Amino acid sequence: MTDPIADYLTRLRNAIKAKHKVIDVPASNIKKELTKVLFDKGYILNYKFEDTTNHQGNIKIALKYGEDNKPAIYNLERISKPGLRKYVQSDSLPRVLNGLGVAIMSTSKGVVTDKEARDMQVGGEVLCYVY
């Protein structure tokens, strides 16, 4: 697999379109951090890290739906790809839907949202947009 983050986002996107309640995703450190950020910002209901017989493990994610079975996540968009990385400086951090969405970034301070990176005045790699 050349892009595990894109695979993670695609699994979430497909599960939301199929109206699944819970999904399993193969774990990695970056996927665990992405899951924590999505939970902290209220895009997913809950998550659990599970150990399996192999060393990789799984992430069990409970998806969040509102009234009328509308998903909390409307769109997931991968920005920085293995073939073309997108880095931004602290003074030019992106805004998603004028602040309604979240840009998830990998910085020297860890995986954070664009708002947290703006507060810490750090730049980094823009992983994805969530809204």
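User: In this predicted model, which strand holds L127?
Analyst: L127 has its place in a strand. That strand covers residues 124-130. The strand is β8.

User: Is L127 buried or exposed?
Analyst: The relative accessibility of L127 is 2%. Buried means under 20%. L127 therefore counts as buried.

User: How many residues of β8 are buried?
Analyst: Strand β8 is mostly covered. It has seven residues in all. The buried ones number six.

User: How many bridges join strand β6 to β8, and what is the bridge partner of V102?
Analyst: Strand β6 spans residues 102-107 and runs antiparallel to β8. The bridges between β6 and β8 number six. In β8, V102 has as its bridge partner V130.

User: Which residue in β8 is the bridge partner of E77?
Analyst: Strand β4 takes in residues 76-78. Three bridges link β4 to β8, and the two run antiparallel. For E77, the partner in β8 is Y129.

User: Which residues is L127 in contact with, leaving aside neighbours within four places in sequence?
Analyst: The contacts of L127 include E77 and R78. I104, M105 and S106 are also among them.

User: What separates the C-alpha atoms of L127 and N58?
Analyst: L127 and N58 lie 69 residues apart along the chain. Their C-alpha atoms are separated by 21 Å.

Key
Residues numbered from 1 in each chain as written. Predicted model: local features only at pLDDT ≥ 70, side-chain atom pairs only at ≥ 80, totals over all residues. Heavy atoms only, no water. Buried < 20%, exposed > 50% of the residue type's maximum accessible area, 1.4 Å probe, protein only. Helix = DSSP H or I, 4+ residues; strand = E, 2+ residues; numbered from the N terminus. Pairing = 2+ DSSP bridges. Contact = heavy atoms within 4.5 Å.
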